[in-house]
Amino acid sequence: MRPGHLPPALTALAVFLFCCGAATADDGNSPAQLRRFIDQQVGGIDKLKVPAKDADIPLPRQPDGTVNPRYQTTEEKSYLGKLLFHDPVRTARIDPAFGGVLQTKQTGSCGSCHLGEAAGKAGTVLNFSVGGEGRGYTDEKGNFVVRRRPRTDILPQLRDTPLFPGDALVDSLPTLTDVYLEPPLPGVIEVETPARQDKTPPFLKLEATGRLDALDSVGRQSPSMIGFAFNNRLLLGGFAGEPDTDPSCTTVRSSVVDTRACRGLNPFGDPAQENLTLLLLDAHRMLGAQAAVLQKIPAFVKLFRDAFPAEAAQSDAANDPNILINDQTVLRATATFLRTTVTRNTPFDRFLAGDNRALTEGQLRGARLFFTPAANGAGGAGCFSCHSGPILNKQHNDPDVAGIGQFVEENFINVGIGDHPLQALNRLARNDPNFHDEGRGEITGRQDDAFKFRVVTLRQLKDARTFFHNGSFTKVRDVVEYFNAGIPQDPAAGAAPALSDRFTNPRGPGFSNGLGLTARQVDDLTDFLENGLFDPAFVRYDARSTTVTFQPNERDLTYSKYRPDLAALGAIDGFVISGLAMDNNDPLSRRDEGLEFLDVTSEVDVALVESNRVGGGGSDDGDRQEDVYKITNNSSSVVDTNLLIIVKGLSEGFELRNASGVTSTSDPYLRVFLPNGVLLPGQSIAKSLVFERQPHEPPANYSLTLLSGQGRP
């Protein structure tokens with residue numbers, strides 16, 4: 001779910017190690033000594049421990065210390081929220097008046113830009129929900145490769161010249177950008193965030209919006225959902241959780257005091273979690289349209305009744321399904337699921353619990369660097385000063401470091417990172433080539449906050465794939481090197497008054513920029529961040545682990561075994577409740593998920609280059625036949641995912657020795673892992689089919705069919 005877009009934003013490593021420094025510290029690197037050291041540094045090692053049970057995850061409290069029922073966590077709400085999060089059936093708000101394309105209806109979900117395999121992020125620089133296609137594929141080494149792109153086959157082309165790398169020419173505005181006609185008459189065009197909607201004076205007309213255009217895209221990296229509960233602001237600029245109106249926030253525009261830009265969009269006064277899921281509904285083509293769809297699916301109705309018994313009773317009494325299934329109950333269930341999104345079984349978690357073998361020697365050294373101050377030549381990296389608490393996302397001196405947190409503005413920092421590529425669309429909409437994404441400054445309206453972005457979790461970075469709000473770094477080690485140098489990436493952000501000296505000069509006066517780490521220390525710190533904070537159970541279901549997979553797993557989706565009541569109401573094993581493909585329901589995503597295959601035989605030329613018979617003691621009639629084919633993409637479209645070569649009508653007595661498996665109709669097939677996941681127009685590959693045959697048999701006869709897709713055809 002990317003906030004409000006899933007707003008572009010919260011991005012993982014967004015402000016990463018901006019608190020790191022040189023490195024030595026004493027040689028007491030035994031696990032027990034290191035635990036004692038960390039305990040002293042953070043004021044109690046328990047402040048770093050993730051609660052063992054979901055019931056103990058922090059919740060907003062009322063003045064008397066109790067939890068408002070609106071925010072209570074129950075297993076029923078969490079399960080419903082998880083299935084809602086990953087079901088494309090909800091993206092039903094497609095409006096052609098704003099450029100929406102009806103063919104994209106119900107093809108994206110929160111899970112389009114928040115994948116378990118990518119640390120709860122999108123995993124790519126450009127992030128697309130509705131209007132995008134594809135989810136990802138598995139390469140020859142078994143690695144999952146994220147791949148989602150705009151649907152240029154059905155989205156109208158809007159311009160001839162690309163504005164940014166990867167521009168498919170079909171996107172008009174980032175999701176959280178609105179264009180309003182403002183008073184006085186006859187009107188003035190202003191470009192704002194969606195926070196403008198309910199502010200005064202009323203606008204005259206919504207001229208355009210990234211919330212409803214053809215392609216749901218994000219102007220910052222979509223955020224990781226890990227540790228969702230442990231925040232008082234969400235999104236990289238802190239939009240979610242901001243009060244709906246902040247009278248103290250003013251911005252001068254054209255010599256006129258204008259408070260619109262520095263207010264939140266939080267009409268219900270919710271904490272960051274529920275506010276974010278509300279923004280999500282509005283930004284991602286769901287608000288006002290999803291309830292009617294969900295009410296028609298019996299298994300969803302059952303899940304809502306389980307999760308919201310009080311609302312179910314009221315709904316029954318009034319004979320009104322809208323009381324039970326509505327945008328409010330959806331956002332509450334989704335927020336409950338996301339609050340339980342944590343990792344609990346990383347090597348570091350096991351180390352904190354007393355396992356002396358959990359971290360390697362290099363990771364122990366990296367952890368000591370992490371928790372040793374950088375300032376005043378103390379000899380450490382000092383990362384913990386900004387990355388403390390169970391999720392490693394808070395200032396170390398926050399009075400509520402183990403909970404939601406008390407500090408707000410302290411968690412936003414300028415570390416010199418430039419704009420996300422999609423900000424080119426904002427420059428075009430504003431007709432301002434000098435426009436920049438000012439991060440926190442966009443929310444507060446204060447120039448001192450320009451280019452500040454939120455400190456986020458360091459958990460699960462190994463799978464995060466892209467870092468910072470602009471996605472410009474793709475390796476954890478490169479991020480460490482960036483902080484080690486302490487030189488701003490972007491001139492505008494680097495020249496801003498808010499540029500943090502905790503980034504540029506973390507060691508203090510008299511020291512050069514950056515951390516001053518040696519290559520070995522960079523390696524150790526990277527190892528700790530990448531491997532010491534990684535939990536495989538977040539990605540792959542492990543019944544023994546207390547970490548729950550982010551994606552719906554076999555226990556969630558095997559209704560016939562674990563939820564026969566839902567199966568009786570039509571829920572199909574292996575699918576989300578609606579029966580659509582998980583996360584995305586476009587044709588390429590369905591092929592990625594092995595749900596269907598595309599016959600590409602007519603799009604490629606298959607030429608037999610040579611046929612050899614080998615073996616059999618030198619006889620011309622060997623016991624193996626190897627046929628080598630050149631396969632060329634003759635179409636104007638890419639052939640992608642995996643290429644499956646199906647051997648049909650194979651002569652009796654022959655067996656395809658290098659087969660990957662057999663189809664549902666018992667034909668052998670060979671799976672071809674395409675270079676970078678695609679066979680481009682005009683591109684060729686060579687593949688061999690090796691047949692086992694009986695001695696003295698004539699050459700094998702067969703025909704070939706080529707399919708695009710994953711799984712078993």
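**Strand pairing, buried helices and nonpolar cores**

Tyr180 stands opposite Glu190, a residue of strand β6, in what is a predicted model. The strand β5, which covers residues 178–182, pairs with β6 in the antiparallel sense, and five bridges link the two. These strands belong to an open sheet of three strands, in which the order is β6-β5-β7 and the pairing is antiparallel. The edges of this sheet are formed by β6 (188–192) and β7 (205–209), each of which pairs on one side only. When direction is ignored, neighbouring strands of the sheet are turned by 25° against each other on average.

Among the helices, α3 may be described in terms of both its length and its surroundings. It comprises twelve residues, 272–283, and the distance from its first C-alpha to its last is 16 Å, close to the 16 Å expected at 1.5 Å a residue. The helix α3 is mostly covered, with twelve of its twelve residues buried. The buried residues include a run of leucines, Leu278, Leu279, Leu280 and Leu281, as well as Gln273, Glu274, Asn275 and Asp282. The elements α4 (290–294) and α7 (327–339) are included in what covers the buried residues of α3. After α3 comes Arg285, for which phi is positive, near 65°.

Helix α7 can be examined in the same terms. It has 13 residues and reaches 18 Å from its first C-alpha to its last, close to the 18 Å expected at 1.5 Å a residue. Because twelve of its 13 residues are buried, α7 is largely enclosed by the rest of the structure. The buried residues of α7 include Val330, Leu331, Phe337 and Leu338, and also Asp327, Arg332 and Arg339. Their covering includes α2, α3, α4, α5 and α6 (309–318). At the N-terminal end, α7 is capped by Asn326, a side-chain oxygen of which lies 2.9 Å from the backbone nitrogen of Gln328.

The largest nonpolar core has 54 residues, of which Leu80, Phe300, Phe304 and Ile577 touch the most other members. Two or more residues of this core are given by each of α2 (75–85), α3, α4, α5 (298–307) and α7, and the largest share, seven residues, comes from α3. If residues up to four places away in sequence are not counted, Phe304 touches Leu80, Leu84, Leu294, Leu324, Ile325, Thr329 and Val330. Another core lies apart from this one; it has 45 residues, among them Leu34, Phe348, Leu352 and Leu461.

Leaving aside neighbours within four places in sequence, the contacts of Pro31 are with Phe351, Asn356 and Leu364. The C-alpha atoms of Pro31 and Arg365 are separated by 10.0 Å, although these residues are 334 residues apart along the chain. Between Pro63 and Ile631, which are 568 residues apart along the chain, the C-alpha atoms are separated by 69 Å.

When neighbours within four places in sequence are left aside, the residues in contact with Arg590 are Ala581, Asn585, Leu595 and Glu596.

Terms used:
Residues numbered from 1 in each chain as written. Predicted model: local features only at pLDDT ≥ 70, side-chain atom pairs only at ≥ 80, totals over all residues. Heavy atoms only, no water. Pairing = 2+ DSSP bridges. Helix = DSSP H or I, 4+ residues; strand = E, 2+ residues; numbered from the N terminus. Axes fitted to C-alpha atoms, helices over the stretch in contact; angles between N-to-C directions. Expected span 1.5 Å × (residues − 1). Buried < 20%, exposed > 50% of the residue type's maximum accessible area, 1.4 Å probe, protein only. Contact = heavy atoms within 4.5 Å. Core = buried A, V, L, I, M, F, W, Y, C linked by side-chain atoms within 4.5 Å. Polar contact = N/O pair within 3.5 Å; in protein donor to acceptor, adjacent residues only side chain to side chain.
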